[in-house]
Each structure stands twice: as C-alpha cells, then as structure tokens.
Amino acid sequence: MTVTPDDDFAAAEYALGTLDPSERAVMAARRLREPDLDEAIRAWEARLAPLAEAAGPIEPPRDLLPAIEARIRSAAPEAPGNAAVASLRRSVMRWRAAAIAASIIAGVLAVGFIAREATRQAVPHEYVAVLQKDAASPAFAITVNLDTREFTVRPVAATAPPGKAYELWLIDPKIGAPRSLGVIAADSATRRANLTQYDRAVVEDATYAVTVEPPGGSPTGQPSGPPVFVGKLIPVGP
C-alpha cells in the first residue's frame, strides 16, 4: 500500500464516520479512482468492525433530555412542532454517534498501544553478514547475537595464502581505529564473545573486515594492509 500517512489517517476517520459531509464526499470520490486509498479504507473498516460490534450500550447523562427539552422550549414560538421533534431526533442521533465513535477510538488506541508494544518486543537480535570481495565472491559468513554480543565466523570459500592468516576487524567511526576480533580459524567456525565491550549500535552498524596477516595476527594491533573482504550486518530474526 502506498498511501501517505495523512491519507491513512483520513481513511481511518472515513471508516469511523467522523469526517464532515464535504470531506467524506471527497474521500468517497477518491476511493473510486484510487485503489490504494480504497484498500486503506477497507482495512480500517475491517479493523474497526469488531470494536464497533463489541461496544456495549452507553447510558446518556441524566441531564441530557431536560437540556434538550429546554432548548426546544427556548425556540421561537412560531416554530412548527414537527421541526422541534426533528431537532430533538438530530440531537439524540448526534450524541449516539459521538458516543460510539468515542468508544471505537478508545479501542483503536488500545489496539495501537498493544501493536506498538509487540513491535518493541520484536526488535531483531540475530544478525548476519557475508564478507566478500565482490557479489560473486563470498569468503566468510558472520552471525551475531546482539543480546550476548557473541559472534560466529565461518569460512565459505576463502583460503589464506601460504604462511599467512586471516584476521577479522571491527571498523566504525565511533570507536576510532579498527579493533581486532581475532584470527579466523582456517577450516572451522570461530566463536567468540569479544563484542561485549561495544555498544549495540556499534556492533549493529559497524563494517566487518578481513585482512591478510602473519600467523597469529597483526604484530602491531592494526591492519597490516587494506581489507580483502568486507561486509555489513543485516537482521535475520527476532
């Protein structure tokens, strides 16, 4: 669906029946020629239908009827009786519509709150990155659990040059110079928890890079040359 947030809100008001007559007429005309808007209105109608059905009867305030009668009595003497009755009916209908709309809106707010909380709980925890030289040359796969800051790196199709080793690095402007995450095992998965010292945002947004180093890793604590494989994390599950 490609409706704007304003149109989606208007679709909700259309489904609630809270638009004024002119606005409702405009929306009714637009939905005939805009399938996305029509779909948004139908979606809101489907969401609101159970709430409308669940709304129980609401007792009017005790002073409502006397107030309406007082307004009728204060009308001009020459006003016909049927006009007063019609006015009374309109007032009652407006009150009932307002009461139902208020109940539905309260329900929608409750549903929205629940949905928001569910969304918060669905923040992804598992991420993966494919470190590669280009799209056709995957070399390593990394999985990261952001809750435990634990990662696993597995060789995919990378073989270190003779007498050399591959070393993994964390690169992000917020931490300054590249930080070593250790030498990668040549023929098995390497699992470590040395991301615990970094904030979640750093672990999530950083670039992961691999350089060619002497066996045992860089002697200086910094990359000995440019990265040969790089990648970024993407979420893969809650």
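Predicted model: local features only at pLDDT ≥ 70, side-chain atom pairs only at ≥ 80, totals over all residues.
## Burial and overall make-up

Residues are numbered from 1 along each chain as its sequence is written, and side-chain values use heavy atoms, with hydrogens and water left out.

The accessible surface of the chain is about 14600 Å², and carbon and sulfur atoms account for 59% of that surface; the areas come from the Shrake-Rupley method with a 1.4 Å probe, and for residues only the protein chains shown count as cover. Contact means heavy atoms within 4.5 Å. Of the contacts between residues at least 6 apart in sequence, 59% join residues at least 24 apart.

## Strands and pairing

The chain contains six helices and nine strands, taken as DSSP runs numbered from the N terminus (helices: H or I, at least four residues; strands: E, at least two). Two strands pair if DSSP finds at least two bridges between them.

Strand β2 (residues 138-145) and strand β3 (residues 150-155) run antiparallel and are joined by six bridges. Threonine 143 has threonine 152 in β3 as its bridge partner. β2 and β3 form a hairpin with four residues between them, and arginine 149 in the turn has a positive phi of about 60°. β3 also pairs with strand β6 (residues 190-192), again antiparallel, through three bridges. Here phenylalanine 151 has arginine 192 in β6 as its bridge partner.

## Glutamate 167

Glutamate 167 lies in strand β4 (residues 165-171). Glutamate 167 is buried and has no salt bridge; arginine 192, the nearest side chain of opposite charge, is 8.4 Å away. For charge, Lys and Arg count as positive and Asp and Glu as negative, with His and the chain ends not counted.

The side chain of glutamate 167 does reach the backbone nitrogen of serine 218, at 2.7 Å. Leaving aside neighbours within four places in sequence, the residues in contact with glutamate 167 include Ser180, Val183, Val210, Thr211 and Ser218.

## Salt bridges

Side chains of opposite charge can pair when their charged atoms come close. A salt bridge is counted when a side-chain nitrogen of Lys or Arg is within 4 Å of a carboxyl oxygen of Asp or Glu, and the count comes to eight.

Arginine 30 forms a salt bridge with glutamate 34, with the closest N and O atoms 2.9 Å apart. Arginine 30 is buried, at a relative accessible area of 17%, and glutamate 34 is partly exposed, at 25%. Asp7, Arg30 and Glu34 are linked in a network of salt bridges.

In another pair, aspartate 172 forms a salt bridge with lysine 174, the closest N and O atoms being 3.2 Å apart. Aspartate 172 is buried because its relative accessible area is 4%, whereas lysine 174 counts as exposed at 54%. Arginine 200 and glutamate 204 meet in a salt bridge at 3.9 Å, N to O. Both residues lie in helix α6 (residues 200-205), four residues apart, which is about one turn of the helix. Arginine 200 is partly exposed, with 25% relative accessibility, and glutamate 204 is partly exposed, with 26%.

How values were computed
Buried < 20%, exposed > 50% of the residue type's maximum accessible area, 1.4 Å probe, protein only. Polar contact = N/O pair within 3.5 Å; in protein donor to acceptor, adjacent residues only side chain to side chain.
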